Amino acid sequence: MSSSTLTFTMPDDWHLHLRSGEMLKQVLPFTSQHFGRAIVMPNLPSPVVTVADAEVYRQEITACIPETDNFTPLMVLYLTEKTDPKDVKAGFLAGKVAAVKLYPAGATTHSDAGVKDLEKIYPVLTVMETIGMPFLVHGEVVDAEIDIFDREAVFIETKLMPIRERFPKLKIVFEHLTTKEGVDYVLSCDQDTAATITPHHLVINRNALLVGGLKPHYYCLPVAKREQHRLALVKAATSGDSQFFLGTDSAPHLAEAKESACGCAGIFNVANAISVVAQVFEQEKALDQLEKFLSLNGADFYQLPYNRQKMTLVRQHKPLSLPENIKIAEGEVLAFDPLLDLHWDVQNPLGMKIK
Ligand code: DOR
Ligand code: ZN
């Protein structure tokens, strides 16, 4: 039973982990059914550092896209202190890579090859600023003395502001924003600074992770913060402001790797990402801004055309059931439980092409 429907431009996911091999095969259809394009993170065990690596990875992904779906992966280079500015420039101008991602060394999953000394990457940033190539930032410091809940705010002060000052025209995406400080910083900048926001950071705070027992399936990086920060993210996303757009940061791990003495960071959320976001926008009486956050703002920032396909959401009276977990040979990947009732169901034959 539906009481209303919403039809809008097919969304894009501006921050996604697809992995490789069997995991890729199993998780990709969830993305290709719900999104026209996705910015594919390069933090594979052997990271995607050159344009040639990105081409190989793109082919692996493309081979797994179901025939019914019209999905384009947008490839990203993993920045190292040895990244060659010429390779970056040639790859971007040829349309082979869409962006470059900064992982501070040690910040998260497979970030060991990341950057320790930011000045070493200045030649790459100089080229990127000139050609208008987006610089995607995992915005957390890794210093042992900085509390994990403060890592994003300290990154802004000590790393991001100096980069912004040095490269005033560089297009920067502050990935998976989790703090009010982050929101305020982005709003203080001009249109060359934007941020992705995940579905999970819109609906959970750190209590979901820590109250009533340790809940490893709510552990991700940057870690969820206090409620006041979640509220700031909700306000930013639902405002329709062009500097904020969806990046699911869907990051599948086997359940046993998360339910461990040293559990992996990451939440697999693509199966209900759109429904979660729509629910938040409904709660905020901001459904009129939903298309901007899901489908327009990111494309504008990346200077790409909007998707031609449409998506339709139908509001079901009864709450939707949780998506099924994914089974692969090595184990299971658990789907995100947002801890709230979801009513907006993705309806149309997904990925339907407009003739
Ligand atoms: O929670 C996370 N998982 N955060 C990241 O930055 C990386 C990701 C992953 O690759 O598992
Ligand atoms: Zn990520």
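Q: How many cavities of 30 Å³ or more does the structure hold?
A: The structure holds two cavities of 30 Å³ or more. On a 1 Å grid over the protein atoms alone, a cavity is a set of points where a 1.4 Å probe fits but cannot get out, whereas a pocket is an open set with protein on both sides within 12 Å along at least five of seven lines, and lining residues have an atom within 4 Å of a point. Volumes are the space filled by probe spheres set on the points, which are joined across faces, edges and corners.

Q: Before we go on, what sort of model is this?
A: This is a predicted model, in which local features need pLDDT of at least 70 and side-chain atom pairs count only at pLDDT 80 or more, while totals for chains, interfaces and linings use all residues. Residues are numbered from 1 along each chain as its sequence is written, chains are lettered from A and ligands numbered from 1 in the order in which they are written, and side-chain values use heavy atoms, with hydrogens and water left out.

Q: OK, what is the volume of the largest cavity, and which residues lie nearest its centre?
A: The volume of the largest cavity is about 130 Å³, and of the 17 residues that line it, His17, Thr108, Thr109, Leu221 and Asp249 lie nearest its centre. Its lining divides into five nonpolar, nine polar and three charged residues, where Ala, Val, Leu, Ile, Met, Phe, Trp, Tyr, Cys and Pro count as nonpolar, Asp, Glu, Lys and Arg as charged, and the others, Gly among them, as polar.

Q: And what takes up that space?
A: Ligand 1 takes the space that is the largest cavity; a molecule sits in a cavity or pocket if more than half of its atoms lie within 2 Å of its grid points.

Q: Which histidine side chains have an N or O atom listed against an oxygen of the ligand?
A: His17 has a side-chain N or O atom 3.3 Å from an oxygen atom of ligand 1, for His138 the distance is 3.4 Å, and for His253 it is 2.8 Å. The protein covers 100% of the 290 Å² of accessible area that ligand 1 has on its own, with areas taken from the Shrake-Rupley method with a 1.4 Å probe.

Q: Is the bond from Leu221 to Pro222 cis or trans?
A: The peptide bond from Leu221 to Pro222 is cis, with omega near -5 degrees, and Pro222 is found in the loop between α8 (206–210) and α9. Helices (H or I, at least four residues) and strands (E, at least two) are DSSP runs, numbered from the N terminus.

Q: What about the second largest cavity, which helix gives the largest share of its lining?
A: Helix α9 (residues 227–238) gives the largest share, three residues, and the space in this cavity is about 40 Å³. Its lining includes Thr178, His201 and Lys225.

Q: Switching to pockets, how much space lies in the largest one?
A: About 280 Å³ lies in the largest pocket, which is lined by 16 residues, with Ala271, Asn272, Leu320, Ser321 and Pro323 nearest its centre.

Key
Polar contact = N/O pair within 3.5 Å; in protein donor to acceptor, adjacent residues only side chain to side chain.
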